[in-house]
Amino acid sequence: MQDLLPRQKEVFRFIEDKARAVLYSYGYQEIGLPVIESTHLFSRVVGENTDIVEKEMYSFDDRNGESLTLRPEGTAGTVRLAEENGLTFNQIQRFWYAGPFFRYERPQKGRYRQFEQIGVECFGMPGPDIDVELMFMTSRLWQELGISGDLRLELNSLGTAESRARYRTALRDYLSAVKGELDEDSLRRLDSNPLRILDSKVEKTQDLLKGAPLLGEFLDPDSTEHFEQLCRLMDKRQLPYVVNPRIVRGLDYYNKTVFEWITDSLGAQGTVCGGGRYDGLVEQIGGKSTPGVGFAMGLDRLALMLEPNFGGGRQTDVYVAAVGDNARERALLLAEDIRDLSPSITVLVNCGGGKFKSQLKKADASGASLALILGEDEVANGQVTVKHLRESGEQKLISSDGIGKYLTENLQKE
Ligand code: HAM
């Protein structure tokens, strides 16, 4: 689990702010999910034979002996929330959430045991239009973040549970014939979840898969039509994508559309956003049949992409330096007056004393463009000395009452 230092946190905040603005502009509403849910919910929704449930959940018994789990993902909790609050049947919903998630994975660059996601879940819309909206929306966000050039969209259709079951049998038959050559992980998955072998990172396994049957050949007519309409709409807006029949996703609940946004700039952990349709899920947890679709993006990975070129977040505008007991008191009060007048100005007060020389060094290092200097004389006369730190020039004495006006005229705020 990684610590986030101020600069990293600023990048996270920048991404969140942009995402929030885009999500609201499409009419999505924020929900808050518990960080802990019943273990049973995740094993039922994510799937017993997935990596997440088999080996990545942080589960523990609470004081009543009930097994609880730190949420490894947000779809399960959202479906539970929507169902429990009567928000699914015969209704259209567009929800989003943000926060920490937990998976016991082997940590490496871009893969952590606590990570942040922003996720979106939609209910009540069966057609490909909403799938396409999700892709338009994410694409718009990449543009806002300035990373669209580094990301590609990969799409696939998984069909219905039945068509996937037929494909699973065909794939298992094909791979059983070359069983001896499979890597250990793939061999383990051959019985439990053979589709996961498709995104194995082992080169030899990928070679073996070259002649394997393709999921697309097993799709039912309804899923085929859904996918064709989806591609047609994408083409109309000329949003580039690649159809990748190997994308199966690591969670069991998907049907029809699945998609991933991938970058080559982060090594092995290149998927920054993934999602798809899950039309059977609400019914599976006991609700009335309701179509669903969504995605989640990993903030840690997006932040890694943005960090090298990140210009910095909020800057200090004004540094208040003061020497002498009265002046130090006055400095705190003057800073409050400035914040009352103009909340967008960032004011840093020199707390902790020191000589003027060292205080002005700190003022310079803070990045502020103006220093306000208070000594006993200024306090006695109701004045402030103003020093422009980024340009040479005389210091000016101005009246304390006029400071608000002076700052508005001399600070360029966006
Ligand atoms: P997921 O593909 O497991 O999907 O995760 C979504 C994204 O979260 C990944 O693409 C990645 O960026 C980020 N992520 C996942 N695990 C880690 C990790 N250990 N460290 C850093 N980042 C990570 C889901 O979670 C689904 N609930 C998405 C969804 C919503 N599908 C439909 N609705």
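Which residues in α1 meet Leu299, Asp300, Leu302, Ala303 and Leu306 in α11? They are Val11, Phe12, Phe14, Ile15 and Glu16, where contact means heavy atoms within 4.5 Å. The structure is a predicted model, in which local features need pLDDT of at least 70 and side-chain atom pairs count only at pLDDT 80 or more, while totals for chains, interfaces and linings use all residues. Residues are numbered from 1 along each chain as its sequence is written, and side-chain values use heavy atoms, with hydrogens and water left out.

Two packed helices are described by the angle between their axes and the distance between the axes. Helices (H or I, at least four residues) and strands (E, at least two) are DSSP runs, numbered from the N terminus. Axes are lines fitted to C-alpha atoms, for helices over the stretch in contact, and angles run from 0 to 180 degrees between N-to-C directions. Helix α1 (residues 6–25) packs with helix α11 (residues 299–306) at about 110 degrees, the axes being 9 Å apart. The two helices α1 and α11 are therefore roughly perpendicular, a term for angles of 65 to 115 degrees (under 35 is roughly parallel, over 145 roughly antiparallel and the rest oblique). By class, their contact has eight nonpolar, no polar and two charged residues. Here Ala, Val, Leu, Ile, Met, Phe, Trp, Tyr, Cys and Pro count as nonpolar, Asp, Glu, Lys and Arg as charged, and the others, Gly among them, as polar.

Helix α2 (residues 39–46) and helix α4 (residues 75–84) pack at an angle of about 105 degrees, with axes 9 Å apart. Helices α2 and α4 are therefore also roughly perpendicular to each other. Leu41, Phe42 and Val45 of α2 make the contact with Ala76, Gly77 and Arg80 of α4. This contact of α2 with α4 has four nonpolar, one polar and one charged residues.

The ligand is surrounded by 27 residues, each with a heavy atom within 4 Å of it. The closest are Glu73, Glu105, Tyr112, Glu121 and Tyr254. By class, the shell has eleven nonpolar, nine polar and seven charged residues. Strands β6 (114–123), β10 (271–277) and β11 (292–298) each supply at least two residues of this shell, and β10 gives the largest share, six residues.

Polar contacts are pairs of N or O atoms within 3.5 Å; within protein, one must be able to donate a hydrogen and the other to accept it, and residues adjacent in sequence count only if both atoms are side-chain atoms. A side-chain N or O atom of Glu105 is 2.7 Å from a nitrogen atom of the ligand, and a polar side-chain atom of Tyr254 lies 2.6 Å from a ligand nitrogen atom. A backbone N or O atom of Val272 is 3.3 Å from an oxygen atom of the ligand. Taken alone, the ligand exposes 660 Å², of which the protein buries 96% (Shrake-Rupley method, 1.4 Å probe; for residues, only the protein chains shown count as cover).
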